[in-house]
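Open the model in your viewer and keep the selection panel at hand. Each stop below names what to pick next.

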Amino acid sequence: MKKRMSLLLVFAIIFTAFVGCNKNGDDTTKGYKNKVETIRFLNSNPELADEYEHIVAAYKDETGVQVIVETASSNTYESTLKAKMATSDAPTIFQINGPKGYATWKGYCAELSKTKLYSILADKSLAVSNNDDVHGIPYAIEGYGIIYNQAITDMYFEMSGRESGVNSMSEINTFAEIKGVVEEMTAKKADLNIDGVFASTSLKSGEDWRWQTQLANVPLYYEFKTNNINLTSDQTNKINFKYSENYKNIFDLYINNSTVDPRLLGSKSVDDSMAEFALGECVMIQNGNWAWGQISGISGNTVEAEDIKFLPIFIGVEDEGNQGLCIGTENFLCINSKATEDELKAADEFLYWLYSSEKGKSFVTNALGFITPFSTFDDNEKPTDPLAQEVIKWVEKGGVATVPWNFTVFPSQTFKDDFGSALLQYAQGSMTWEEVTKIVVETWKTESDLAAG
């Protein structure tokens with residue numbers, strides 16, 4: 001009897017071990033769902049809170065892993081993240097707003113170059129990197145440049161007696177070429193039935209962000225690039241506005257070939273300029289892909305979706321022939337370096353599922369509404385509005401250097417406001433360009449010093 005009991009006990013142990021091994025084997029083939037049961041995600045977009053709840057419910061049903069989404073209230077993300085990082089419930093996945101965000105949270109940003117998520121990033125230059133290490137991966141992108149109405153540019157190119165030497169918008173890849181086309185179109189504006197080539201440059205206080213931030217990004221991108229500046233360091237605490245004259249090149253082109261006198265630009269809003277474009281009163285306007293809703297929503301809009309195109313913002317620097325649109329984001333995904341190795345893998349598995357699986361991609365496109373920078377999305381899984389399609393085309397275009405959103409390192413809103421005020425005074429003739437340049441350089445330094453304490 002003792003021998004039989006011993007044999008039964010041995011068989012029971014073997015059976016239990018076999019079942020346990022088999023269970024672990026099954027889990028390994030499905031990811032990390034039993035190694036890690038829960039990970040946390042701190043979301044910075046309150047308007048997407050409900051959508052993320054649906055996403056993580058679907059992920060749990062499929063994998064068994066629970067992703068707890070906590071959402072910060074509007075304008076409280078940084079303070080919420082700081083509070084959460086100090087607890088045992090710190091997020092496994094969180095977000096930063098770019099190089100400055102990385103400088104604040106670099107002690108918590110895991111190195112991501114070996115992750116599945118990074119492997120599907122179409123344009124690796126969009127990531128937040130420190131030397132060869134990757135610490136932030138963009139999950140949604142936007143782009144801006146010069147939007148133009150191809151119906152009118154085609155009309156111009158069909159005219160006889162043109163002297164610009166350019167035969168289509170696709171040939172333009174330098175400032176000199178766009179300047180020649182714009183100035184000749186201005187001379188022929190009566191024949192083109194337009195009030196000006198560019199929409200009014202909105203320099204009203206609070207409406208000037210396209211110039212003191214987005215346009216300023218282009219010359220400062222070249223300055224940082226030329227000087228090999230590490231955007232995650234205090235090297236960005238001062239600038240010399242090296243390409244100030246190049247900024248002046250494109251700004252003068254805007255205001256001197258506009259629908260209104262430059263002295264009147266202080267009364268113009270973004271809505272005014274978007275209406276001018278939508279109604280066919282001008283040919284071009286600087287803005288981003290988010291502007292399609294404004295264009296299509298304006299009563300009396302005459303611009304067809306198929307005629308909406310993008311051109312890069314050329315400013316006359318050397319070797320700008322392969323320059324693309326300004327494409328980027330202020331939203332980058334990070335994985336907490338303080339998490340365990342299994343939690344890091346589980347976080348990567350969830351993000352990879354979201355941006356590569358059929359179900360995950362459906363959520364991204366239809367619920368979150370992102371233009372994503374990932375190679376896993378085919379044409380049927382991308383936004384359909386014409387400006388979003390243009391951004392995607394430029395992202396995927398070979399041999400083109402995207403201009404990243406380096407304005408994420410601008411020191412403060414005060415700097416932007418002072419720059420915008422100086423631009424208005426310059427347009428009105430009450431300030432020289434040398435004075436504008438001095439204000440830009442000095443205010444940048446002052447505001448950077450204040451931010452550094």
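**Stop 1: helix α15**

Select E358: this residue is exposed, with a relative accessible area of 58%. The model is predicted, so treat each stop as computed. E358 forms a salt bridge with K361, and their closest N and O atoms are 3.5 Å apart. Both sit in helix α15 (residues 358-368), three residues apart, which means about one helical turn separates them. K361 itself is buried, at 5% relative accessible area.

**Stop 2: R263 and D261**

Which residue forms a salt bridge with R263? Select D261: the closest N and O atoms of the pair are 3.0 Å apart. R263 counts as exposed because its relative accessibility is 57%, over the 50% cut-off. D261, at 31%, counts as partly exposed.

**Stop 3: strands β1 and β2**

Select R40 and E70. Their salt bridge has its closest N and O atoms 3.6 Å apart. R40 lies in strand β1 and E70 in strand β2 (residues 66-71), so the pair ties together parts 30 residues apart in sequence. Are these two buried or exposed? Both R40 and E70 are buried. Across the model, the salt bridges number 15.

**Stop 4: helix α3**

Select residues 77-85, helix α3, and color its buried residues: Y77, T80, L81 and M85. They span an arc of only 130 degrees around the axis, so they lie on the same side of α3. Then show what covers them, including β1 (38-43), β3 (93-96) and α4 (99-105).

Terms used
Residues are numbered from 1 along each chain as its sequence is written. This is a predicted model: local features need pLDDT of at least 70, side-chain atom pairs count only at pLDDT 80 or more; totals for chains, interfaces and linings use all residues. Side-chain values use heavy atoms; hydrogens and water are left out. Buried means under 20% relative accessible area, exposed over 50%, partly exposed in between (1.4 Å probe, protein chains only). Helices (H or I, at least four residues) and strands (E, at least two) are DSSP runs, numbered from the N terminus. The arc is that of the directions from the helix axis to the C-beta atoms. Contact means heavy atoms within 4.5 Å. A salt bridge is a side-chain nitrogen of Lys or Arg within 4 Å of a carboxyl oxygen of Asp or Glu.
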